[in-house]
Amino acid sequence: MTKLATMGKKLSGVLAQEFAPESGYCRTTATVTVEAGMDVGAVLRLSAGKWVWVAAADVATLPADVAVLIEAGYGKDVPTLTAGDHQLTLLVRGPSAVVDAGLLYKGVALSGAQKTTVQTALLAKGIATRTAV
C-alpha cells in the first residue's frame, strides 16, 4: 500500500500544561528556521534573531533564550513545511510544562547530562519538564 501522507506529532504529546491557554500567555509567534526532521516538540535556541533547532553540540553553550516549538499554524503541519524561515508558535514562558519524551533535538540523542542542562534552561523560563503527563 502506498503511503498517502505523514502527519506530524500532536501538541498533546508535548504540552503537559499551560497557564491561560485561551489568551496565549505562554506562547509567542516568531521566526523559526525549519529543517528536515523538525516537528512539534523541537527544542529551540535564539541565534541572530531567529529560533534554531538545538543539537547536542549546542548544549554546552546553550543561551538563556530557549523555547519549544508547539504549532505550525492553522492547517499546517511542521514536517510538510519547506526548509527555511517560517512564522511558528513557540512555548516561551511559564507557568507551563512539557513532556520530556515529546521533546526533539537535532541529530543524535542527548546524554542524560545534556538533557538536564536543557531542562534547567527551560525551567529558568518557567517551563517544567515532566516524565509523564
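Guide: What follows is a conversation about the fold, the core and a few individual residues.

Visitor: What kind of model is this, and how are residues numbered?

Guide: This is a predicted model, in which local features need pLDDT of at least 70 and side-chain atom pairs count only at pLDDT 80 or more, while totals for chains, interfaces and linings use all residues. Residues are numbered from 1 along each chain as its sequence is written, and side-chain values use heavy atoms, with hydrogens and water left out.

Visitor: What share of the contacts joins residues 24 or more positions apart?

Guide: Among contacts with a separation of 6 or more, 69% are between residues 24 or more positions apart, a contact being heavy atoms within 4.5 Å.

Visitor: Which residues of the largest nonpolar core touch the most other members?

Guide: In this core of 37 residues, they are Met38, Leu44, Val68, Leu69, Leu90, Leu91 and Val118. A nonpolar core is a set of buried Ala, Val, Leu, Ile, Met, Phe, Trp, Tyr and Cys residues joined through side-chain atoms within 4.5 Å. The elements that give two or more residues to this core are β2, β3 (43-47), β4 (50-53), β5 (66-71), β6 (84-91) and α1, and the largest share, five residues, comes from β5.

Visitor: What does Met38 touch?

Guide: Not counting residues up to four places away in sequence, Met38 touches Val32, Thr33, Leu44, Trp53, Leu69, Val78 and Pro79.

Visitor: Thr33 is on that list, so where is Thr33 found?

Guide: Thr33 is in strand β2, residues 27-34. Its side chain makes a polar contact with the side chain of Asp85 at 2.8 Å; a polar contact is a pair of N or O atoms within 3.5 Å, where within protein one must be able to donate a hydrogen and the other to accept it, and residues adjacent in sequence count only if both atoms are side-chain atoms. The C-alpha atoms of Thr33 and Ala83 are 7.2 Å apart, although these residues are 50 residues apart in sequence.

Visitor: What does the side chain of His86 reach?

Guide: The side chain of His86, a residue in strand β6, reaches the backbone oxygen of Thr82 at 2.7 Å. Leaving aside residues up to four places away in sequence, His86 touches Ala30, Thr31, Val32, Val34 and Leu81.

Visitor: Changing topic, how many aromatic pairs does a search of the whole structure find?

Guide: The search finds one aromatic pair, formed by Phe19 and Tyr25, which is edge-to-face at 5.5 Å centre to centre and 85° between the planes. Rings of Phe, Tyr and Trp (its six-membered ring) pair if their centres lie within 6.5 Å, with planes under 30 degrees apart counted as stacked, over 60 as edge-to-face and the rest as tilted. Phe19 is partly exposed at 45% relative accessible area, and Tyr25 is also partly exposed, at 42%.

Visitor: What lies over the face of Tyr25?

Guide: Arg93 does, at 5.5 Å from the ring centre; a charge sits over a ring if NZ of Lys or CZ of Arg is within 6 Å of the ring centre and within 35 degrees of the ring normal.

Visitor: Which peptide bond is cis?

Guide: The bond from Gly94 to Pro95 is cis, with omega near 10°, and Pro95 lies in the loop between β6 and β7 (96-99).

Visitor: And Ala48, buried or exposed?

Guide: Ala48 counts as exposed, at 82% relative accessibility. Ala48 lies in the loop between β3 and β4, and its phi is near 55°, a positive value in a residue other than glycine.

Notes. Buried means under 20% relative accessible area, exposed over 50%, partly exposed in between (1.4 Å probe, protein chains only). Helices (H or I, at least four residues) and strands (E, at least two) are DSSP runs, numbered from the N terminus.
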